[in-house]
Amino acid sequence: MSVLTSPSPVSTSAQRTVTNPAPSPLVRIGVRLLVILAAVVLWWVIAEVVFAANPVVSKMGPGSTVLGLAQLLADPAFLDAIAVSLYRLLAGLGIGVMIGVPLGVLFGSRALVEEATDPLVQLLRMTSPLAWAPLALVLLGTGSAAVIALIALAAVWPIVLGVAAGVRALDPG
């Protein structure tokens, strides 16, 4: 009876690979800051030097942008608009979770249900939420309800598919 053995690996200098050590966090932060600074300088050069003669583009540089942001932050109406947008976003995400999690559990735990509904789910999932906007406006009006419904529609499918995949991956034992 013969025993087959694999030859023991021989370490040679040709087989060794040299890996570069990871840069320190301070170096990584410094490099990122330099890249951001370079992007801002490039933005300034394009907006305020290259297109200095253009009255529209020359007002889109970093200086004008920071000044405009400071003016917006001082305006109470801007903060009210942020609050309304956050309300719409959180309401839409909440509705998406309330619909998506039970559907995902159902699809992930019942193969027959998932198989039967898959064509419809794929059709609805692949339809852009922007394509639903005219219908949402007609049915729900121009207020917050249409925006919340579109956010919920955009959020529900990734939640359904993620929860279904998670349920299928659970160990049944």
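Modeller: Buried means under 20% relative accessible area, exposed means over 50%, and partly exposed lies in between, with a 1.4 Å probe and protein chains only. This is a predicted model, in which local features need pLDDT of at least 70 and side-chain atom pairs count only at pLDDT 80 or more, while totals for chains, interfaces and linings use all residues. Residues are numbered from 1 along each chain as its sequence is written, and side-chain values use heavy atoms, without hydrogens and water.

Biologist: Which residues of H3 are buried?

Modeller: In H3 they are Ala-91, Gly-92, Gly-96, Gly-100, Gly-104, Phe-107 and Gly-108. They pack against H4 and H6, contact being heavy atoms within 4.5 Å. Helices here are DSSP runs (H or I, at least four residues), numbered from the N terminus.

Biologist: Why are H1 and H2 called roughly perpendicular?

Modeller: The axes of H1 (residues 25-50) and H2 (residues 62-74) come within 8 Å and cross at roughly 100 degrees. Axes are lines fitted to C-alpha atoms over the stretch in contact, with angles from 0 to 180 degrees between N-to-C directions. Angles of 65 to 115 degrees count as roughly perpendicular, under 35 as roughly parallel, over 145 as roughly antiparallel and the rest as oblique; H1 and H2 are therefore roughly perpendicular. Val-40, Trp-43, Trp-44 and Glu-48 of H1 make the contact with Pro-62, Gly-63 and Thr-65 of H2.

Biologist: What makes up the largest nonpolar core?

Modeller: Such a core is a set of buried Ala, Val, Leu, Ile, Met, Phe, Trp, Tyr and Cys residues joined through side-chain atoms within 4.5 Å. The largest holds six residues: Phe-107, Val-121, Val-156, Trp-157, Val-160 and Ala-164. Helix H6 (residues 144-169) gives the most, with four.

How values were computed:
Helix = DSSP H or I, 4+ residues; strand = E, 2+ residues; numbered from the N terminus.
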